[in-house]
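Please look at the sequence and structure below before reading on.

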Amino acid sequence: PTPTPTPAPTADPTPENTATPTPEPIDLVALAALVRPSVVKVSTDTAVGSGVIVEVDDSGKAVVVTNFHVIEDDPGNVRVLSEDGGSYDATLLGSDGTKDLAALSVCCSESFQAVELSETRPAQGADVFTMGYPLDSDSTVMTRGIVSSMNFDASLDRWEVQTDASLNVGNSGGALFTADGDVVGITAFVIRESGTGVPVEGVGFAIGSETVLAVLPTLKAGVRVDDPGAGRDTVTDTPGPFGPVEGYLRHDEDEFIEEHGAGLLRGDFVVAAEFHNPYPAVISGWDYGFLFRDAGQNNYHAVIVENISGMWFHYLRDGADEARLVGSGQASGLWLGSEGVNDLRLAALGDQGWLFLNDRAIGTLDLSGGAAEGNISVITGFHDGNEVTGRSTRFREFSVHEPQSIGNRSGVLDHTEDGFIERSLAAGSPSDFIAVATFTNPNAGSAGWWDYGFTFRGSGPDSYHGVYVGSNREWDHFLRGGGSGTASGRSGRVLNLNTREDAQNTLMLVVVGEAGLLYVNGEQVSALDLREGAAHGSVGIGSGFFEGGRLPGQQTYYSDFRVWSLDRAEP
């Protein structure tokens, strides 16, 4: 056989040394010259910001994109100053208050130059530059930074580019662009301090070009969506309920309360809304709530909850320069996280109001001052410093309706020996309600036991809640569950109860959701836990709650037994 030839060894190739290429330095002078003709100054009589030219047609007419909050307060009086010193009237084409974007039409100049909006998101760490008219500058100012992060804000339905490039008041609406001169964002807001007041630096934000490109056709078509101010200027006394509606309260740099009004003239009402926390406390403080009986001319009530203090506040402004605090307390049960959602409800009836948070009663309001009626709004940013420009507070299920009277009578409850509570029921089966009645003592407390009070959420003859006061100056709350017997609730002292013979005591019961409040002669004596039992049912007054605790043949007189349903009427 022929032997297999052995291959000759091959020498390993020696690798050639290759130098790492040095990146070309960015020509900042050329970059500024490229972008400068596309950045303009945008102003009204009340605000100054920046804008970016994104389109120019053959006649020299330009489309300018800016932030909505720059032109929001005076959209019919907008001027644009170009890089060459020309000043032009601008017409608002369309706006999106939620995304904080607006498109303007400006005519006409040969000097207008459009810049490209980038279709791709910038990479983290990429060099970026800003150009605008900060601090009411007469010429463009350029700063440099990097992309710190890219985030999608679901509550505002927009992409945001975080950067450490320097931003100041007046940069709003300006350009954030790459080293190639493509715009990757419209500069919108900056965070100056944390929620605890610690100064922070390098936390600026721009609305991503991806979002701008998506909404631009709608803006050019003249659509104006999610305007946070809608409804605040028109108030009617049209009967019937309002809502539910949802929207956003956009934060800005001005010193005014952000509001969305129902446009209704109301004195007695129930208002409810679900608020979504705009950001965590580490970023800044926030507050939200209701403006009501707003008669204009700085005449209103306001109730808010606040994250930093964890409290609720009730203010009255009656034409004075400043609102004055008339009540406050702990906002027990307030969800504080960035994803937190809180349900607020407020009932107003005459000179009294009640505030409920997540089905818990947290405050009684003195409404004796101020206007008797007015508009009702959801609000944010009542306290100074509780807004972050460019962010928004989302609200849902904002609704207003009027209490409905379902009972008003006077009469007598006969004392018998049948062992049953003597009751008189109002019409209807409300879930939420206010009930009030004045009772006359059948005898002096020292001469024999007596009691009287309310039954409510009754779903049958032996199924209901009961709350009453007795001649021993105590109150008691119980739940009777039909065949399951009676479950003892809470009880306590009533120091202001008048126990003399023929003396009168006025009881009021306020029930909303899982919370109830009992008042005796105008003073709150208890908070009731209503998590168990039926969600709605009959409301009545009664006597003889305590077995054997009545004198047969006597009577308990009552007067002005009134019930207002707080439930929203079905359409």
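Predicted model: local features only at pLDDT ≥ 70, side-chain atom pairs only at ≥ 80, totals over all residues.

Residues are numbered from 1 along each chain as its sequence is written, and side-chain values use heavy atoms, with hydrogens and water left out.

**Salt bridges**

- With a salt bridge defined as a side-chain nitrogen of Lys or Arg within 4 Å of a carboxyl oxygen of Asp or Glu, the count comes to 19.
- D89 pairs with R79 in a salt bridge whose closest N and O atoms are 2.2 Å apart.
- This pair links strand 5 (residues 87–96), which holds D89, to strand 4 (residues 78–81), which holds R79, the two residues being 10 residues apart.
- A salt bridge also joins the side chains of D96 and K99, at 3.6 Å from N to O.
- E474 forms a salt bridge with R493, with 4.0 Å between the closest N and O atoms.

**Exposure of the paired residues**

- Buried means under 20% relative accessible area, exposed over 50%, and partly exposed in between (1.4 Å probe, protein chains only).
- D89 is exposed at 54%, whereas R79 is partly exposed at 29%.
- D96 is buried at 4%, and K99 is buried at 15%.

- E255, in the loop between strand 14 (242–250) and strand 15 (258–261), is exposed, with a relative accessible area of 76%.

Conventions. Helix = DSSP H or I, 4+ residues; strand = E, 2+ residues; numbered from the N terminus.
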